[in-house]
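Student: I am new to this structure. Please take me through one part of it closely, and then show me how other parts compare in kind.

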Amino acid sequence: MLRVGLTGGIGSGKSSVSSRLAARGAVVIDSDVLAREVVARGTDGLAEVVAVFGDVLTAEGELDRPAVGRIVFGDEVARRKLEAIIHPRVRARAAEIESAAPADAVVVHDIPLLVETGQGGSFDLVLVVDVPPEVQVERLTRDRGMTDEEAKARIASQATREQRLAVADLVVDNAGSLEQLDARIDELWPGLLSRAGHGPATKG
């Protein structure tokens, strides 16, 4: 099994890379999806969020994500409290999914905050989706309706481009077209497969 940590800044097109890897046969474990699952209605994760942050529920009893976002954005202490609830549950669920994967699988852990949470050394290799900051801003304003200021604030709240590239074993440049991205994935996929077929690799 080859365990790959996939990361990239907001607006880098990381989901485009993970979907292409999945289409080629990778087992993709999306930490954003798991982060929603572990605080879904009726979970102990949601109960703990409410215990810590108060009534942050919608009328339907779901987590009110915008409300929580307003509480933790820019508040380091609050953000760490939220992460202490969510991250261990996400990692436990990811480990469950990975343990069910075939022994020769390429298992891709899609983790937006891989660098920020210091998880680079947990994987056989780290794949970073890279674009210049100006491309991130352009995509966030065009595709997500953010203002320039909002986009730059979101980018600034994450690890820098240099910090991500410093932990990268493989880099996918996603500043170009989807056709160029397909070509890059086609180029790196055989190498991932061959590494998966030779048992666990070790990094560092």
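Tutor: Start where α3 and α5 cross: the crossing is right-handed. This is a predicted model. Helix α3 covers residues 44-53, and helix α5 covers residues 76-99. Their axes come within 10 Å. They cross at roughly 165 degrees. Angles over 145 degrees count as roughly antiparallel, so α3 is roughly antiparallel to α5.

Now look at the residues. On the α3 side, find Asp44, Gly45, Glu48, Val49, Val52 and Phe53. They meet Ala78, Lys81, Leu82, Ile85 and Arg89 of α5. Sort this contact by class: 6 residues are nonpolar, 1 is polar and 4 are charged.

Turn to another helix pair. Helix α6 spans residues 133-143, and helix α7 spans residues 148-156. The angle between them is about 125 degrees, and their axes lie 9 Å apart. That angle makes α6 oblique to α7. The crossing of α6 and α7 is right-handed. From α6, the contact uses Pro133, Gln136, Val137, Leu140 and Thr141. From α7, it uses Asp148, Ala151, Lys152 and Ile155. By class, the contact of α6 with α7 holds 5 nonpolar, 2 polar and 2 charged residues.

Stay with α6. Its buried residues are Val135, Gln136, Val137, Arg139 and Leu140. These buried residues pack against α7 and also against α8, residues 161-167. After α6 comes Gly145. The phi of Gly145 is positive, near 70 degrees.

Ser18 sits in helix α1, residues 14-23. Its relative accessibility is 7%. Buried means under 20%, so Ser18 counts as buried. What does Ser18 contact, leaving aside neighbours within four places in sequence? The partners are Leu6, Val28 and Asp110.

Finally, check confidence. The mean pLDDT of the protein is 91. A pLDDT of 70 or more is reached by 97% of the residues. Confidence is lowest in helix α4, residues 65-72, with a mean of 89. Confidence is highest in strand β4, residues 125-130, at 97. Look also at residues 198-204. There, pLDDT stays under 50. For that stretch the model has 14 contacts beyond four places in sequence.

Terms used:
Residues are numbered from 1 along each chain as its sequence is written. This is a predicted model: local features need pLDDT of at least 70, side-chain atom pairs count only at pLDDT 80 or more; totals for chains, interfaces and linings use all residues. Side-chain values use heavy atoms; hydrogens and water are left out. Axes are lines fitted to C-alpha atoms, for helices over the stretch in contact, and angles run from 0 to 180 degrees between N-to-C directions. Helices (H or I, at least four residues) and strands (E, at least two) are DSSP runs, numbered from the N terminus. Angles under 35 degrees count as roughly parallel, over 145 as roughly antiparallel, 65 to 115 as roughly perpendicular and the rest as oblique. A crossing is left-handed if the near helix is turned anticlockwise from the far one by less than a right angle, and right-handed if clockwise. Contact means heavy atoms within 4.5 Å. Ala, Val, Leu, Ile, Met, Phe, Trp, Tyr, Cys and Pro count as nonpolar, Asp, Glu, Lys and Arg as charged, and the others, Gly among them, as polar. pLDDT is the predictor's confidence in each residue, from 0 to 100. Buried means under 20% relative accessible area, exposed over 50%, partly exposed in between (1.4 Å probe, protein chains only).
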